[in-house]
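Trainee: Please take me through one part of this model in close detail. Keep the whole chain in view as you go.

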Amino acid sequence: MFFSEAGARPRTREISPSEHKKWVEVFKACDEDNKGYLSREDFKVAVVMLFGYKPTQIETNSVMSSINADTSGVLLGEFLNIVRKKKEAQLYQNEARHIFTAFDRHYRGYLTLEDFKKAFEQVAPRLPERVILEVFR
């Protein structure tokens, strides 16, 4: 998906000049006939080039419905904003996965209350147990 589903907002981060340059190059490479925008199909190819997967119809429809009605596709500025948000969501998901893995001491794919307690003993040893229980629930 293009946005975090967990309810928390991904952190905003600065885009490096090399990332920005790469995104612009991908936009230009996918903009067939140099029309100044990405059509639906152009956009799909750009996502494959940048993220390594073909976006679902729902993702593509979401992007295409959010663009300016006066244009026939995704303009460069819109594209850069979409890619930035996607990258932020990806980083957030990777961070969440990393934290979950640290809590899942037995690699079961789920957390028990004991896993949760052990993790909080290490990172916040003075946190009251009732708070840990509330967070776990």
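Mentor: What follows starts with the chain as a whole, then moves to helix 1 and its surroundings.

First, the ground rules. This is a predicted model, in which local features need pLDDT of at least 70 and side-chain atom pairs count only at pLDDT 80 or more, while totals for chains, interfaces and linings use all residues. Numbering runs from 1 along each chain as its sequence is written, and side-chain values use heavy atoms, with hydrogens and water left out.

Now the chain. It has six helices and two strands. Helices (H or I, at least four residues) and strands (E, at least two) are DSSP runs, numbered from the N terminus. Their order along the sequence is α-β-α-α-β-α-α-α. The C-alpha trace spans about 60 × 30 × 25 Å along its principal axes. The radius of gyration is 20 Å, whereas a compact globule of 137 residues would have one near 14 Å. That radius is taken over C-alpha atoms, and the globule rule is 2.2 Å times the number of residues to the power 0.38.

Buried residues make up 30% of the 137. Buried means under 20% relative accessible area, exposed over 50%, and partly exposed in between (1.4 Å probe, protein chains only). The accessible surface comes to about 9,300 Å², with 53% of it on carbon and sulfur atoms. Areas come from the Shrake-Rupley method with a 1.4 Å probe; for residues, only the protein chains shown count as cover. Among contacts between residues at least 6 apart in sequence, 51% join residues at least 24 apart. Contact means heavy atoms within 4.5 Å.

An unreviewed UniProt entry carries the annotation "domain: EF-hand" for residues 18-53 and 91-126. UniProt positions are given in the numbering used here, feature names are shortened, and annotations may be inferred rather than shown by experiment. Over residues 18-53 the chain is 69% helix and 6% strand, with the end C-alpha atoms 22 Å apart. Over residues 91-126 the figures are 67% helix and 0% strand, and the ends are 30 Å apart.

On to helix 1. It covers residues 17-30, 14 residues in all. From first C-alpha to last it reaches 20 Å, close to the 20 Å expected at 1.5 Å a residue. The expected span is 1.5 Å times one less than the number of residues.

Which residues of helix 1 are buried? They are Glu-19, Trp-23, Val-24, Val-26, Phe-27 and Cys-30. They sit on the same side of helix 1, because they cover an arc of only 160° around the axis. The arc is that of the directions from the helix axis to the C-beta atoms.

What covers the buried side? The cover includes strand 1 (37-38), helix 2 (40-51), strand 2 (74-75) and helix 4 (76-103).

Next comes the loop between helix 1 and strand 1. Asp-33 lies there. Its phi is near 65°, a positive value in a residue other than glycine. Asp-33 is exposed, at 73% relative accessible area. Asn-34 is in this loop too. Asn-34 is not a glycine either, and its phi is positive at about 45°. With 68% relative accessibility, Asn-34 counts as exposed. Lys-35 belongs to the loop as well. Lys-35 is partly exposed, at 31%. Its C-alpha is 9.7 Å from that of Leu-75, 40 residues apart in sequence.

Then helix 2, one of the covering elements. Lys-44 is found in it. Lys-44 counts as buried, with 16% relative accessibility. Beyond its neighbours within four places in sequence, Lys-44 is in contact with Lys-54, Pro-55 and Thr-60.
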